[in-house]
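Hi,

Here is the structure I promised to pass on.

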Amino acid sequence: MDGGSFAETTLRANADDFGRYRFRQKVLANVGDRSLETTILGLPSSMPLVIAPTALSGIMVPGGVGEIEAARAAKKAAIPYTLGVLSLASLEEVRDAIKVPFWLQTKPLRDRGFMRSLFDRALAAGCPALVVTVDGQVLSQHYRGVRNGFGNPRAVRLDNFHEFACRPGWSLASVMRGTRLRLGNLQGGGVPKGFWEAMGWVSGQLDPAMEWRDLAWFRDNWPGKLVIKGVLDPQDAQEAVAIGADAISVSNHGGNQLDGAPSTIAALPKIVEAVKGRIEVFLDGGVRSGQDVVKALALGARACLIGRAHLYGLAAQGEKGVSAILEMLRREIDVTMALTGVRTIKDISPDILWRPD
Ligand SMILES: Cc1cc2nc3c(=O)[nH]c(=O)nc-3n(C[C@H](O)[C@H](O)[C@H](O)COP(=O)(O)O)c2cc1C
């Protein structure tokens, strides 16, 4: 959860580069009546935040119910939840648990029959949006993962026992409730049974030969809103507009893919310029505070997706932890709006950023 690819420079830059921007303080600006409400992909949201897809986040809560608990917190906060296709809970289980629409994310897989059946299930579950992640067709290198022996078979090291001992409540609950590793959305079809076998199948499904024009198939076969996640370059943003996407998420996979790539907040302005308001632009990467959200919106983002910020809450306290994080972010967005002199989300513009003469 914590780590990123290679030397983790992009992971750090994602969070650090928000600090490069300063706000323009405005006082006595009649900000008594403020609202964080907005629309995302045409649907109402109580604030400009979306929970980002995070594979296997089910395991972060004892019993393997992490996705369901995070989705419940998103429902309570009235913001969209994105279920990653590589979740423990199936999309039907999430639908039954929250009974409100949520988004589904997938990478483009080779097996188009499987993709089509996934789309049918997502439609039946009422998902209004499909997020297609395009920056993960080749899996990156994670030094931290190699060092920690993350993989199959998993290595349990001596210092893990120290960590377990420091968190007795969490460790006990994990043992008592257990967590069966499974991939709830990857059942049937050509997918092999067994968790690691199914993970292997997914790796084989990633096609590095894919091109932009291949995404047209997704546009043609998914009738709902289509979000392309993983765009970090203005030219690629133009391609996404051309294939008929409804939105892009400016993203470097949270610093998990191309280390050395720019932070998302640094890449955002040129992408917004290239898109020219034709589709919605989201940002994900490094958002740790409501102030980061306001900065991203000032630079043209419609909303931010949060990965780690929600996972930290989820791993600590399940649904309650995610709710606490979301309400903290809500307060921080609100107070930052007040102190920069804006009352509504649509009033957030580049004007609220300080420009030295
Ligand atoms: C543990 C973990 C798992 C992730 N799994 C996925 C995934 O399955 N699909 C995807 O598109 N992005 C995935 N991401 C990336 C997030 O969707 C998002 O782009 C990233 O976390 C944003 O950066 P942040 O964590 O700094 O908010 C994952 C990120 C983390 C930390």
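A bit of housekeeping before that. This is a predicted model, where local features need pLDDT of at least 70 and side-chain atom pairs count only at pLDDT 80 or more, while totals for chains, interfaces and linings use all residues. Residues are numbered from 1 along each chain as its sequence is written, and side-chain values use heavy atoms, with hydrogens and water left out.

**The sheet**

Look for an open sheet of eight strands, paired in parallel, in the order β3-β10-β9-β8-β7-β6-β5-β4. (Strands are DSSP runs of E with at least two residues, helices are runs of H or I with at least four, and both are numbered from the N terminus; two strands pair if DSSP finds at least two bridges between them.) The edges are β3 (49-51) and β4 (82-84), each with a single partner strand, so one side of each has no neighbour in the sheet. On average, neighbouring strands are turned by 25 degrees against each other, ignoring direction.

(Buried means under 20% relative accessible area, exposed over 50%, and partly exposed in between, using a 1.4 Å probe and protein chains only.)

**Two helices**

Next, α2 (residues 66-77) packs with α3 (residues 91-98) at an angle of about 40 degrees, their axes 10 Å apart. (Axes are lines fitted to C-alpha atoms, for helices over the stretch in contact, and angles run from 0 to 180 degrees between N-to-C directions.) The pair is therefore oblique, the class left over once under 35 degrees is called roughly parallel, over 145 roughly antiparallel and 65 to 115 roughly perpendicular. The contact (heavy atoms within 4.5 Å) involves I68, A71, R72 and K75 of α2 and E93, V94, A97 and I98 of α3.

**A loop residue**

Finally, find R20 in the loop between α1 (9-16) and β1 (38-40). R20 has 59% relative accessibility, so it counts as exposed.

Cheers
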